[in-house]
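Please read it alongside the sequence and the coordinates.

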Amino acid sequence: RLHCFLELKALSGCRTGDICQLGSSQVRDGRVTWTAAQTKNKEGRSVLLPPDLYAALRQVAGPRFLWEGWDDDMRLFRPSRNTIGEWSPDTVYSCVNNIFREYSEQFPDRPRLTPHAL
């Protein structure tokens, strides 16, 4: 899911928060579509996806939201003593930002990397 998230972010150029709140039904017909209410500039947006990314997004999509399975991945790949409550787009947003922050802390000699840079 993280790989799909980052690929979609880099391809679409959309804000991290906009990607976090995508519903599964917004990935259809080979593209992903944001409603006007979901974007900062209050304009709807649609991005054509490469077939492999479209297939991957359809495969990871949760019943309602695109990233609903995110918590399962976190339990597997980022074990924590903290309990994960009910799924929320904010959880995905925080996790992505934490991964980028931790990377920059681990490699201080490299340029600082943020999700916004994608």
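Where is aspartate 29 found?

1. Aspartate 29 is found in the loop between β1 (27-28) and β2 (31-34); helices (H or I, at least four residues) and strands (E, at least two) are DSSP runs, numbered from the N terminus. Its phi is near 55°, a positive value in a residue other than glycine. Aspartate 29 is exposed, its relative accessible area being 68%; here buried means under 20% relative accessible area, exposed over 50%, and partly exposed in between (1.4 Å probe, protein chains only).

2. On provenance, this is a predicted model, in which local features need pLDDT of at least 70 and side-chain atom pairs count only at pLDDT 80 or more, whereas totals for chains, interfaces and linings use all residues. Residues are numbered from 1 along each chain as its sequence is written, and side-chain values use heavy atoms, with hydrogens and water left out.

3. Lysine 42 also deserves a look at its backbone. Its phi is positive, at about 60°, although lysine 42 is not a glycine. The residue is placed in the loop between β2 and β3 (45-48), and with 57% relative accessibility it counts as exposed.

4. How many salt bridges are counted? The total is two, a salt bridge being a side-chain nitrogen of Lys or Arg within 4 Å of a carboxyl oxygen of Asp or Glu. Arginine 101 pairs with glutamate 102 at 3.8 Å, N to O. Glutamate 105 and arginine 101 form a salt bridge at 3.2 Å, N to O; both lie in helix α5 (residues 89-106), four residues apart, about one turn of the helix. Through shared partners, the salt bridges join Arg101, Glu102 and Glu105 into one network.

5. The accessibility of these three residues can be stated individually. Arginine 101 is partly exposed, with a relative accessible area of 33%, and glutamate 102 is likewise partly exposed at 30%. Glutamate 105 is exposed, at 52%.

6. Aspartate 18, in helix α2, is buried yet has no salt bridge. The nearest side chain of opposite charge (Lys and Arg count as positive and Asp and Glu as negative; His and the chain ends are not counted) is that of arginine 15, 4.9 Å away. Not counting residues up to four places away in sequence, aspartate 18 touches Trp34, Gln38, Thr39 and Lys40, where contact means heavy atoms within 4.5 Å.

7. The second largest pocket holds about 200 Å³ of space. On a 1 Å grid over the protein atoms alone, a pocket is an open set of points where a 1.4 Å probe fits, with protein on both sides within 12 Å along at least five of seven lines, and lining residues have an atom within 4 Å of a point. Grid points are joined across faces, edges and corners, and a volume is the space filled by probe spheres set on the points.

8. Residues lining the second largest pocket include Lys9, Arg15, Tyr93, Asn97 and His116. Helices α2 (16-20) and α5 each supply at least two residues of this lining. The lining divides into four nonpolar, five polar and two charged residues; Ala, Val, Leu, Ile, Met, Phe, Trp, Tyr, Cys and Pro count as nonpolar, Asp, Glu, Lys and Arg as charged, and the others, Gly among them, as polar.
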